[in-house]
Amino acid sequence: MDAKHLGKQSALPATPEEAELDYVPNPRPGLRYLVRFAAPEFTSLCPITGAPDFAHLVIDYVPGERIVESKSLKLFLGSFRNHGAFHEDCTVGIGERLFREMQPVWLRIGGYWYPRGGIPIDVFWQSGKPPEDVWIPEQGVPSYRGRG
């Protein structure tokens with residue numbers, strides 16, 4: 001494994017495009033299971049006003065040949081702090097990049113955005129139909145009613 005971040009000091013990438021994700025071999029190849037990452041303090045910027053936007057992201061995937069290394073994922077998600085994009089673009093873009101690079105069997109992302117201007121926006125994307133032979137729990141983030 002040639003990890004760029006694991007066990008090393010890594011600066012937060014300035015942009016999502018500059019972020020390098022590390023992938024490692026699936027430790028359980030041939031076994032179908034679900035991996036979940038929850039990022040309850042995800043932030044980005046409104047592309048129009050520059051005001052901060054906050055979300056609770058939940059990323060679920062069924063690994064193929066490899067898995068994403070968590071430190072590199074944290075750095076990638078952190079790189080959005082100074083990135084201006086609409087909620088839809090951030091959520092779908094993260095899902096598409098992970099799916100394209102990692103090539104899992106299946107991936108979904110839920111972006112549960114906190115309200116600004118009185119309207120919460122929830123954005124969902126998945127790569128296709130979920131596998132039937134894997135337990136896929138609900139993401140566990142309630143619709144907005146003062147999310148806790």
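Contact here means heavy atoms within 4.5 Å of each other. Keep that in mind as you click around. What you have open is a predicted model, where local features need pLDDT of at least 70, side-chain atom pairs count only at pLDDT 80 or more, and totals for chains, interfaces and linings use all residues. Residues are numbered from 1 along each chain as its sequence is written, and side-chain values use heavy atoms, with hydrogens and water left out.

**Stop 1: Val-68**

Select Val-68. Not counting residues up to four places away in sequence, Val-68 touches Leu-21, Asp-22, Tyr-23, Phe-37, Tyr-61, Leu-73, Leu-98 and Met-102.

Now widen the view to the largest nonpolar core, which has 26 residues. A nonpolar core is a set of buried Ala, Val, Leu, Ile, Met, Phe, Trp, Tyr and Cys residues joined through side-chain atoms within 4.5 Å. Buried means under 20% relative accessible area, exposed means over 50%, and partly exposed is in between (1.4 Å probe, protein chains only). Which members touch the most other members? They are Phe-42, Val-68, Phe-76, Leu-77, Ile-94 and Leu-98. Two or more residues each come from β1, β2, β3, β4 (66-68), α1 (70-78), α2 and β5. Those labels are DSSP runs numbered from the N terminus: helices are H or I with at least four residues, strands are E with at least two. In soluble globular proteins, nonpolar side chains tend to be buried together.

**Stop 2: the sheet**

Colour the strands next. Four of them make an open, antiparallel sheet in the order β2-β3-β5-β6. Strands β2 and β6 (122-126) stand at the edges with a single partner each, so one side of each has no neighbour in the sheet. From one strand to the next, the twist averages 15°. (Two strands pair if DSSP finds at least two bridges between them.)

Zoom in on β2 and β3, which pair over nine bridges in the antiparallel sense. Pick Arg-36 and you'll find it opposite Asp-60 in β3. The two strands form a hairpin with six residues between them, and Gly-50 in the turn has a positive phi of about 80°.

While you're on β2 (residues 35-45), click Thr-43, which is found in this strand. Is Thr-43 buried or exposed? Thr-43 counts as buried, because its relative accessibility is 15%. Leaving aside neighbours within four places in sequence, Thr-43 is in contact with Asp-53, Phe-54, Phe-80 and Arg-81.

Slide across to β3 (residues 52-62) and β5 (residues 106-113): eight bridges join this antiparallel pair. Here His-56 stands opposite Tyr-112 in β5.

**Stop 3: helix α2**

Show helix α2 (residues 87-102), which packs on the sheet and touches β2, β3, β5 and β6. Its direction makes about 160° with that of β5; axes are lines fitted to C-alpha atoms, for helices over the stretch in contact, and angles run from 0 to 180 degrees between N-to-C directions.

Highlight His-87, Cys-90, Thr-91, Ile-94, Gly-95, Arg-97, Leu-98 and Met-102, which are buried in α2. They lie on the same side of α2, because they cover an arc of only 160° around the axis, going by the directions from the helix axis to the C-beta atoms.

Last, select Phe-99, also in α2. Phe-99 is partly exposed, at 28% relative accessible area. Beyond four places in sequence, Phe-99 is in contact with Pro-104, Leu-107, Trp-125 and Ser-127. Phe-99 and Ser-127 are 28 residues apart in sequence and 7.3 Å apart in space, C-alpha to C-alpha.
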